[in-house]
Amino acid sequence: MLIQDIIRRKRDAETLDADAIHAFMRGVADGSVGDAQIGAFAMAVVLNGMTRDEAIALTEATRDSGQVLRWHDLHLDGPVLDKHSTGGVGDLVSLVLGPWIAACGGHVPMISGRGLGHTGGTLDKLEAIPGYDVTPDVDLFRRLVKDVGVAIIGQTGTLAPADKRLYGVRDVTATVESLPLIVASILGKKLACGLDTLVMDVKVGNGSFMPTPDASQELAEAIVAIGSGAGTPTSVLLTDMNQPLADCAGNALEVHEALRLLRGEGRDSRLYQVTHALATEMLVQAGLAADAADAATRLETALASGEALERFSRMVHGLGGPSDLAERAEHYLAPAPFTTDVVAPRAGTVNAIDTRALGLGVVELGGGRRNAGDAIDHRVGLSRIAALGQRVEAGQPLLRLHAASQADAEAVTRQLGAAFTLGEAGSVTPAAPIHATLRQETSS
Ligand code: URA
């Protein structure tokens, strides 16, 4: 099959069959398809779109472009399941959810990413823990998934290698913004982990990856149809990112917050509500709970017994971190040298938050990367972030800044203060943390 013919057919808005798509993606993975051809193909998809069947084939071809993890030889005593998020600010759900699901009988092989743009990355958060190795060999990864029930690590070179190349070309050819390309990229990587079921957290709002609520909804619908079409039952929660999910953002600060939740504290937070809802969906979808009420009982037992925290501690230690992180977090997670409050210039109610600006503030403090390969300062970030609908008086804190130096703090103070819009009480109703749940057959 001639690669230029496949590109020509997509350019002319023809529908490609699965064989053509698999042939193209095999060539992407083995290097026989050149960057110019990848760019031309991606642009043709951006301009002409793909049918549902084409998008499913592209997802399967991405998944199958490298190693696909298999678990049956390990004789696991529960399903293999995972959650993935489109990313946000103060979104530390994975750190809590993975161990929590493991404590309920699931096995979670979670391949996570680094921070991207204004959004934080699970790997960066875990690397705030001294010794934690995000690139273990595959045997250790599999052993932890079997024995502990969860291991959160970084992308390996062998899983979905075609995506790495395709994404690299899309990034520099203005072809990131295409629904079938985005879905195949996200799901191809996830499904290569050999999952029985998947739950996606698609963020909606001004801190999310998708530019509008309609775009988030469209992405969510495509993920449900394409994931399930590729053979892995997939559901999506649309969750709010019009403000940071936790009241903190920054790597070490978010590890502290994860430990707090795993200890059973902070149950009135939006972070808890979203994590609990995702966990419920995962347990029911994978058959670990009969229904939402059963899931709630199991989740409560896992938290109250200390089992969820124990799974987190075992994962951390198994991947090279300290065995007593949970007991001595203050000792292991170094605080930032300088803290100061960003205060409200006048009294009012927080009616809007520029979530993206807060995420970029963390990057500017050194807690994220401007360029791939930049070193990260895990100590820095934001805490005590005022929530939408919260009343503040003049001079009261909007957030606390954790910086490497006073100069670093001063450099971002104005922009972070400007991220908050203060107005009349009651003039804006903050969105609920969970907007909707989409499943293959039914939507609610
Ligand atoms: N995240 C991915 O992994 N791929 C995309 O194409 C977009 C976001």
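The second largest pocket has a volume of about 390 Å³. Of its 20 lining residues, Leu-253, His-256, Glu-257, Glu-330 and Ser-383 sit closest to the centre. The model is predicted.

**Second largest pocket**
- Helix H11 (251–262), helix H15 (329–332) and strand E10 (397–403) are the elements that give two or more residues to the lining of the second largest pocket.
- H11 provides the largest share of that lining, with six residues.
- By class, the lining of the second largest pocket has nine nonpolar, three polar and eight charged residues.
- Domain 2 and domain 3 each contribute at least three residues to the lining of the second largest pocket.

**Largest pocket**
- The volume of the largest pocket is about 1800 Å³.
- Its lining has 49 residues, and Gly-113, Arg-114, Gly-115, Leu-116 and Tyr-167 lie nearest the centre.
- At least two lining residues come from each of strand E1 (81–85), strand E2 (108–112), helix H6 (122–126), helix H8 (161–171) and helix H9 (179–191).
- H8 gives the largest share of the lining of the largest pocket, seven residues.
- The class counts for the lining of the largest pocket are 13 nonpolar, 23 polar and 13 charged.
- The largest pocket lies between domain 2 and domain 3, because both give residues to its lining.

**Domains**
- The domain assignment gives domain 1 (3–49), domain 2 (72–155 + 178–328 + 435–443) and domain 3 (335–423).
- The centres of domain 1 and domain 2, taken over C-alpha atoms, are separated by 32 Å.

**Ser-94**
- Ser-94 is placed in helix H5 (residues 93–103).
- The relative accessible area of Ser-94 is 8%, so Ser-94 counts as buried, the cut-off being under 20%.
- Leaving out residues up to four places away in sequence, Ser-94 touches Lys-83, Pro-99, Met-110, Thr-122 and Ile-152.

**Salt bridge across the chain**
- A search of the whole structure finds 27 salt bridges.
- One of them pairs Asp-82 with Lys-190, with the closest N and O atoms 2.6 Å apart.
- This pair links distant parts of the chain: Asp-82 is in strand E1 and Lys-190 is in helix H9, 108 residues apart.
- Asp-82 and Lys-190 are both buried.

**Salt bridges within helices**
- Arg-8 forms a salt bridge with Asp-5, and their closest N and O atoms are 2.8 Å apart.
- Both residues lie in helix H1 (residues 3–11), where Arg-8 and Asp-5 are three residues apart, about one turn of the helix.
- Arg-8 is partly exposed at a relative accessible area of 32%, and Asp-5 is partly exposed at 27%.
- Arg-298 forms a salt bridge with Asp-294, with 3.2 Å between the closest N and O atoms.
- Arg-298 and Asp-294 are about one helical turn apart, because four residues separate their positions in helix H13 (residues 292–304).
- Arg-298 counts as partly exposed at 38% relative accessibility, and Asp-294 is partly exposed with a relative accessible area of 22%.

Definitions and conventions. Residues are numbered from 1 along each chain as its sequence is written. This is a predicted model: local features need pLDDT of at least 70, side-chain atom pairs count only at pLDDT 80 or more; totals for chains, interfaces and linings use all residues. Side-chain values use heavy atoms; hydrogens and water are left out. Buried means under 20% relative accessible area, exposed over 50%, partly exposed in between (1.4 Å probe, protein chains only). Contact means heavy atoms within 4.5 Å. On a 1 Å grid over the protein atoms alone, a cavity is a set of points where a 1.4 Å probe fits but cannot get out, and a pocket is an open set with protein on both sides within 12 Å along at least five of seven lines; lining residues have an atom within 4 Å of a point. Grid points are joined across faces, edges and corners, and a volume is the space filled by probe spheres set on the points. Ala, Val, Leu, Ile, Met, Phe, Trp, Tyr, Cys and Pro count as nonpolar, Asp, Glu, Lys and Arg as charged, and the others, Gly among them, as polar. Domain bounds come from an automatic or database domain assignment. A salt bridge is a side-chain nitrogen of Lys or Arg within 4 Å of a carboxyl oxygen of Asp or Glu.
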